[in-house]
Amino acid sequence: MKLNLLFCDAQRPDRRAIAKCIVEISSINASLSNELTDILLEGDAVDIEVDDKNSGSALRALRKLSIDYEIIE
């Protein structure tokens, strides 16, 4: 499943927790995850791919971090 991470509307977003979440739900390495987290927190959308078996827990984790997303596929 492909997700488009639109923005994070948390008052004080936890950069480390967001990067860790991206690593856990996708097949992205830690350094790329840090870059994507920076891009997301600057206000630009980020595309990631999530395994279908992890999709439910991935969506819950993103909601918990106040990350707005849309499902592409």
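Asp38 and Arg15 join their side chains in a salt bridge, with 2.3 Å from N to O. The term covers a side-chain nitrogen of Lys or Arg within 4 Å of a carboxyl oxygen of Asp or Glu. The pair ties together distant parts of the chain, 23 residues apart: Asp38 belongs to helix H2 (residues 30-42) and Arg15 to helix H1 (residues 15-25). Searching the whole structure turns up one salt bridge.

A quick word on the source: this is a predicted model, where local features need pLDDT of at least 70, side-chain atom pairs count only at pLDDT 80 or more, and totals for chains, interfaces and linings use all residues. Numbering starts from 1 along each chain as its sequence is written, and side-chain values use heavy atoms, with hydrogens and water left out. Helices (H or I, at least four residues) and strands (E, at least two) are DSSP runs, numbered from the N terminus.

Here is how the two bridge partners sit. Buried means under 20% relative accessible area, exposed over 50%, and partly exposed in between (1.4 Å probe, protein chains only).

| Residue | Relative accessible area | State |
|---|---|---|
| Asp38 | 30% | partly exposed |
| Arg15 | 45% | partly exposed |

Now for the helices themselves. The H1 and H2 axes come within 9 Å and cross at roughly 125°; axes are lines fitted to C-alpha atoms, for helices over the stretch in contact, and angles run from 0 to 180 degrees between N-to-C directions. That makes H1 oblique to H2, given that under 35 degrees counts as roughly parallel, over 145 as roughly antiparallel, 65 to 115 as roughly perpendicular and the rest as oblique.

Three strands make an open, antiparallel sheet in the order E2-E1-E3. E2 and strand E3 (67-71) are at the edges with a single partner strand each, so one side of each has no neighbour in the sheet. From one strand to the next, the twist averages 35°. H1 packs on this sheet, touching E1, E2 and E3, and its direction makes about 35° with that of E2.

Pairing requires at least two DSSP bridges between two strands. E1 (residues 2-8) pairs with E2 over four bridges, and Lys2 stands opposite Glu49 in E2. Five bridges join E1 to E3, with Leu5 opposite Tyr69 in E3. As for E2 (residues 46-49), Val46 and Ile48 make up its covered face, while Asp47 and Glu49 lie on the uncovered one.

Key
Contact means heavy atoms within 4.5 Å.
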